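Please keep the structure in view while reading.

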Amino acid sequence: MGVSQKQRQGVERACQTALSQGARLVTGGTALSERNGYFMAATVFAGVARDSDLFQKEVFGPVLAVTTFDDPLEAVDLANDTDQGLAAGVFTRDLDRALWTADHLWAGQVYVNGWFVGGVETPFGGVKQSGYGREKGQEALDGYVQTRNVGIRISQPPI
């Protein structure tokens, strides 16, 4: 991923902090210097603790935090336990479980068995600290209108 020097340094710091907080580096975690620009290797951490910075803060770089869970309720609890809520993904063969999970996740988009499922007519935007309003779809127009209500009594008021 090519970014600015400042952004890449921030991603590198996030990786170092993840290591210092006990996450296990599976792959990546370093800057790529063999090409021009500011590139960061795709990075995966496992064993990421719920209270760690990597779990709680958006990195804005190619870093994946993996945290295990024992049941769907715990997975939803983990996913909802951050200040962010742009998107969530559910991968399962059980359609009932997918729908239950999607209903319980607090995110602007929930993808099932794929990523970025939908088109330009599908609203895009987050909840909590991950955005305000919606892009794309009919909902994107809401930011350009001011809804008003005018009530008029047609009949004579009671005397």
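## The contact between α3 and α4

Pro72, Leu73, Val76 and Asn80 in α3 meet Arg97, Trp100, Thr101 and His104 in α4, where contact means heavy atoms within 4.5 Å. By class, this contact of α3 with α4 holds 4 nonpolar, 3 polar and 1 charged residues.

The model is predicted, so that local features need pLDDT of at least 70 and side-chain atom pairs count only at pLDDT 80 or more, whereas totals for chains, interfaces and linings use all residues. Residues are numbered from 1 along each chain as its sequence is written, and side-chain values use heavy atoms, with hydrogens and water left out.

## Packing geometry

Helix α3 spans residues 72-80 and helix α4 residues 95-104, and the two pack at an angle of about 30° with their axes 10 Å apart. The two helices are therefore roughly parallel to each other, a term that applies to angles under 35 degrees. The crossing of α3 and α4 is right-handed.

## The buried side of α3

Ala75, Val76 and Leu78 are buried in α3, buried being under 20% relative accessible area with a 1.4 Å probe and protein chains only. Because these residues cover an arc of only 160° around the axis, they lie on the same side of α3. What covers the buried residues of α3 includes α2 (53-56) and α4.

## Gln84 in the following loop

Gln84 lies in the loop between α3 and β7 (87-90), and Gln84 is buried, with a relative accessible area of 18%. Leaving aside neighbours within four places in sequence, Gln84 is in contact with Gln56, Lys57, Glu58, Val127, Lys128 and Ser130.

How values were computed:
Axes are lines fitted to C-alpha atoms, for helices over the stretch in contact, and angles run from 0 to 180 degrees between N-to-C directions. Helices (H or I, at least four residues) and strands (E, at least two) are DSSP runs, numbered from the N terminus. Angles under 35 degrees count as roughly parallel, over 145 as roughly antiparallel, 65 to 115 as roughly perpendicular and the rest as oblique. A crossing is left-handed if the near helix is turned anticlockwise from the far one by less than a right angle, and right-handed if clockwise. Ala, Val, Leu, Ile, Met, Phe, Trp, Tyr, Cys and Pro count as nonpolar, Asp, Glu, Lys and Arg as charged, and the others, Gly among them, as polar. Buried means under 20% relative accessible area, exposed over 50%, partly exposed in between (1.4 Å probe, protein chains only). The arc is that of the directions from the helix axis to the C-beta atoms.
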